[in-house]
Every structure is written in structure tokens, then in C-alpha cells.
Amino acid sequence: MPRSKRAKVVHLTKTQKKGKELTLRLYANIRECIPQYPYIYVFSVENMRNNHLKDVRSQLANDSRVFFGKTRVMAKALGDSPSTEPYPATSLLAAHLSGPCGLIFSERDPQSMLDYLSAFHPISYARAGTVASYSFTLPSGMLYTRGGEIPITEDVPLAHSLEPTLRKLGVPTRLEKGRVMLDEEFQVCKEGEVLGSGQTTLLKMFGVAMAEFGVEVRAWWVKETETVQAVEGAEQVNIKGTNGKGAGDMEMGGEDGDLGTSADEE
């Protein structure tokens with residue numbers, strides 16, 4: 001018997017993939033921005049957090065546009081070589097696109113951009129794999145919510161309901177008249193060591209934030225002079241060869257043409 005259509009299960013959570021659509025949109029948006037801004041910056045991100053990157057985008061929204069997408073797509077949009085680049089020397093930026101990185105199209109000159117980004121370093125809770133920036137030890141005696149990071153007079157005792165969680169994480173605590181007690185000091189982490197998931201959970205529990213978000217400029221392109229300057233102090237490169245002709249330069253077939261899914265600032 002054929003299966004009845006009345007018994008057909010419809011999954012409301014099923015959504016249609018938009019991988020290729022997002023890829024093409026990212027590529028097209030980058031190509032569109034190149035002639036509109038005098039500077040293009042390649043930046044890398046340390047301790048990536050979406051909320052902090054959104055803050056950068058909002059603060060630069062008046063005179064800049066930020067892209068943080070798939071590296072291959074951004075490099076393809078800038079040009080693989082002088083013959084495929086939309087503007088002279090933009091292909092030189094592609095060599096700086098590796099790892100967690102993005103592009104900033106801006107009207108701000110390099111000094112203004114470097115000054116802004118160097119001053120933007122919000123702190124957040126560390127994740128597993130982060131290197132501890134300093135040592136943190138829980139003091140013996142009654143435990144407080146900040147674990148000795150602030151004076152006891154400004155702190156409050158740790159809730160007794162957290163004591164089982166602490167023991168599961170390896171902290172030898174005990175309850176005494178509803179207070180969480182620690183008979184001897186317990187070192188949560190040591191400066192320079194790679195943090196595990198248990199350590200990051202303890203640090204967050206006591207309000208210790210060690211992950212410093214940072215945006216570092218690797219290189220920038222200047223439209224007026226058609227040059228690319230690396231932050232490391234490399235010499236400027238000036239190319240005035242034959243440039244490409246827009247989005248039609250992208251090959252869509254084969255391994256290199258399969259650009260994958262990306263997301264821009266939208």
C-alpha cells in the first residue's frame with residue numbers, strides 16, 4: 001500500500017540552505033565597496049567574540065564597512081593576481097588573509113584606524129584553549145563570589161548551592177553551617193598554561209575574565225597611491241598593471257570555484 005499523504009510528517013524546523021547565496025553576496029559586496037573607499041584594511045582577531053566585533057562594526061558604521069567572512073571568498077574578491085584584481089594592487093592584500101581575519105573598507109586614514117583599534121581591547125571570559133594571562137588561586141577559608149579578587153568587605157559569601165558543582169570540578173570544598181569552606185588554597189590556573197574546560201568554568205564562576213579581545217591590522221591598501229603597506233614595516237609595493245573586470249572574473253567550477261559558505265556584515 002502506498003503511504004498516505006495524510007500521515008506525512010512536516011518538520012517545521014527544516015530550513016533551506018543559503019550557502020552559495022551568501023558566498024555570492026559577500027563577493028559582490030566586497031567588489032562593490034572597493035571603488036567607494038580610499039582605504040582597505042586586512043585585520044586579524046584575537047579571542048574572537050561576536051558581540052565585541054559587533055561593537056567595532058557599530059562604532060565604525062559612519063565611515064567604514066566591515067566584512068568577516070570566508071577567507072577564500074574575500075581573497076577571490078580582491079583578486080588572485082594583477083590580471084584579476086579589480087583595482088591595481090588589491091591582490092597583494094590577499095596574501096595577508098589567513099586564519100580568523102576580515103576586511104575593513106574605510107574613509108579613515110591608517111593612523112586614525114590604528115589608534116582606534118589599538119585602544120579597543122574589551123575583556124571577556126576565557127574559553128578552553130586560551131592561555132592564562134595570570135595565576136588565580138582560591139584562598140582557604142570561607143569562599144566568596146569573587147574568590148579573593150576583591151576585599152571581603154566588598155564581597156558576599158558564595159551560594160551554598162554551588163558547592164556540589166565545585167566538588168565536581170575538583171575543588172575540595174565542604175559545607176559548614178550553610179557556608180562553602182575550603183580547608184587549603186586551591187590553584188585554579190597558572191600564568192602561561194593552556195586552560196581546560198574545567199578551569200574556564202571555575203574562572204567564570206568567580207567572575208575572573210582573562211580573554212582580551214583584540215583587532216590587529218596586518219596591512220592596508222591606499223587607493224590614491226595604489227600601494228599596499230604591511231604593518232610589520234615591509235616596503236610599499238606599487239603595481240599599475242592591467243586590472244580585472246569585476247565579478248565576471250570568478251570561476252564557479254572545480255575545486256577553486258567552490259567557494260563555500262560565508263557571512264558578511266549583514
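T130 sits in the loop that joins β4 (123–124) to β5; strands here are DSSP runs of E with at least two residues, helices are runs of H or I with at least four, and both are numbered from the N terminus. The model is a predicted one, so to speak of local features a pLDDT of at least 70 is needed, side-chain atom pairs count only at pLDDT 80 or more, and totals for chains, interfaces and linings use all residues. Residue numbers run from 1 along each chain as its sequence is written, and side-chain values use heavy atoms, with hydrogens and water left out.

With a relative accessible area of 12%, T130 is buried (buried is under 20%, exposed is over 50% and partly exposed is in between, using a 1.4 Å probe and protein chains only). A polar atom of the T130 side chain lies 2.8 Å from the backbone oxygen of R127; such a polar contact is a pair of N or O atoms within 3.5 Å, where within protein one must be able to donate a hydrogen and the other to accept it, and residues adjacent in sequence count only if both atoms are side-chain atoms. Setting aside neighbours within four places in sequence, T130 touches N47, E193, V194 and L195, contact being heavy atoms within 4.5 Å.

Next comes helix α6, residues 197–205, where Q199, T200, L202 and L203 are buried. Down the axis of α6, these buried residues fall within an arc of 160°, so they line one face of the helix; the arc is taken from the directions from the helix axis to the C-beta atoms. They pack against β5 (136–138), α5 (163–168) and β9 (186–189). On the face turned away from the buried side, α6 carries the exposed residues S197 and K204. After α6 comes G207, with a positive phi near 70°.

Over at α4 (110–118), the loop leading from β3 (101–106) holds D109, which counts as partly exposed at 33% relative accessibility. At the start of α4, a side-chain oxygen of D109 comes to within 3.2 Å of the backbone nitrogen of Q111. Neighbours within four places aside, D109 is in contact with Y39 and Y41. P38 is 71 residues away from D109 in sequence, yet their C-alpha atoms are 8.4 Å apart in space.

In α4 itself, P110, M113, Y116 and L117 are buried. Viewed down the axis of α4, they fall within an arc of 135°, so they line one face of the helix. What covers them includes β1 (39–46), α2 (50–59), β2 (64–67), β3 and β11 (214–222).
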